[in-house]
Amino acid sequence: MKLEGKTAVVTGGTGGLGWYICKSLAAEKAKIVLVYLKSREKAEGYAAELRSMGTEAVAVSADVTTEEGIGKMADAAVSSFGGIDALILNAAFNKWVNFSDLESLDPALWNDIINYNLTAPYLAMRTIGPRMKEKGGRIVTISSIAGLSPSGSSIAYCVSKAGLIHLTRCMSVALAPSVLVNSVAPGLMEGTRMTENLAPEYADKARQSALIGKAAEREDVADAVKTFIRTDSITGQTLVVDGGKVFH
């Protein structure tokens with residue numbers, strides 16, 4: 001799929017990674033629907049910056065954990081640009097909880113993390129995926145290396161991302177052959193809310209344990225997203241971008 005003139009919906013578009021993805025797609029002249037929850041001024045400023053790059057872009061406030069919010073962002077894409085060609089499910093939620101601190105990982109927090117990181121992407125793919133089947137489309141989920149190894153910022157986060165990786169595989173079957181569904185699994189990245197929420201000592205250890213001795217680059221993650229949007233033959237796969245920490 002050529003990116004120029006295509007419409008891409010990016011959830012979590014005001015986050016450190018989401019914004020890089022939006023800019024990377026806009027540089028290829030894709031039309032951008034930047035989805036955010038609360039940061040209206042920031043989102044509108046980002047959309048204006050994308051338009052200054054020579055493409056079309058709108059910012060849409062939507063709660064992606066609800067069917068109403070998902071419908072709102074889908075309707076905005078249709079009314080603004082006529083449809084959705086690519087859906088990038090980047091929005092996520094996490095809170096640092098040491099694995100051994102089971103008391104702090106109470107059912108309410110567990111449900112919040114699972115709902116945001118796993119149930120919400122399912123609802124989005126369930127709603128939007130079938131609408132893409134006639135013309136063909138691409139869906140990219142942003143998972144994590146936490147879903148490939150029992151280590152990370154919390155048990156719930158790891159389980160949610162492991163589930164998202166397998167959900168990606170399952171949805172690639174459900175939406176085949178015209179909608180291709182893949183996942184990018186980043187490791188630690190600088191300049192993201194997820195990294196800011198980590199315990200400092202854990203983040204330092206993650207940097208040092210990568211083969212390249214530093215965090216993964218957001219630009220590389222954004223490039224991986226573009227690869228999965230461009231592809232006409234890859235589906236159901238997960239690409240790890242972590243500087244050489246987890247081998248999958």
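**Cysteines, salt bridges and surface patches**

The structure holds zero disulfides. Cys 158 is a case in point: this residue takes part in no disulfide, and the nearest cysteine sulfur, belonging to Cys 170, is 20 Å away. A disulfide would need two cysteine sulfur atoms within 2.5 Å. Cys 158 counts as buried, because its relative accessibility is 7%. Cys 22 is likewise classed as buried, with a relative accessibility of 0%. It should be kept in mind throughout that the model is predicted.

A second salt bridge pairs Lys 31 with Glu 56, whose closest N and O atoms are 3.8 Å apart. Here too distant parts of the chain are linked, since Lys 31 sits in strand E2 and Glu 56 in the loop between helix H2 (40–52) and strand E3 (57–61), 25 residues apart. Glu 56 counts as partly exposed, at 41% relative accessibility.

Arg 126 and Glu 67 form a further salt bridge, with 3.7 Å between the closest N and O atoms. This pair connects two helices that are distant parts of the chain: Arg 126 is in helix H4 and Glu 67 in helix H3 (residues 67–81), 59 residues apart. Arg 126 is partly exposed, with a relative accessibility of 46%. Salt bridges with shared partners also bring Glu 28, Asp 223, Lys 226 and Arg 230 together in one network.

Turning to the surface, a patch of negative charge is formed by Asp 101, Glu 103, Asp 106 and Asp 112. Of these residues, Asp 106 lies in the loop between strand E4 (86–89) and helix H4 (107–132). Asp 106 counts as partly exposed, because its relative accessibility is 33%.

Leu 211 is located in the loop between helix H7 (200–209) and helix H8 (218–230). With a relative accessibility of 65%, Leu 211 counts as exposed.

Two features of the backbone also deserve a look. The peptide bond leading from Ala 176 to Pro 177 is cis, with omega near 5°. Pro 177 is placed in the loop between helix H5 (155–174) and strand E6 (179–186). Lys 29, a residue other than glycine, has a positive phi, near 70°. The loop that holds Lys 29 runs between helix H1 (16–27) and strand E2 (31–36). Lys 29 is partly exposed, at 32% relative accessibility.

Technical notes: Residues are numbered from 1 along each chain as its sequence is written. This is a predicted model: local features need pLDDT of at least 70, side-chain atom pairs count only at pLDDT 80 or more; totals for chains, interfaces and linings use all residues. Side-chain values use heavy atoms; hydrogens and water are left out. Patches are made of residues with over 30% relative accessible area and no salt bridge: like charges are joined within 9 Å, nonpolar side chains (Val, Leu, Ile, Met, Phe, Trp, Tyr) within 5 Å. Accessible areas come from the Shrake-Rupley method with a 1.4 Å probe; for residues, only the protein chains shown count as cover. A salt bridge is a side-chain nitrogen of Lys or Arg within 4 Å of a carboxyl oxygen of Asp or Glu. Lys and Arg count as positive and Asp and Glu as negative; His and the chain ends are not counted. The place of a charge is taken as NZ of Lys, CZ of Arg, CG of Asp or CD of Glu. Helices (H or I, at least four residues) and strands (E, at least two) are DSSP runs, numbered from the N terminus. Buried means under 20% relative accessible area, exposed over 50%, partly exposed in between (1.4 Å probe, protein chains only).
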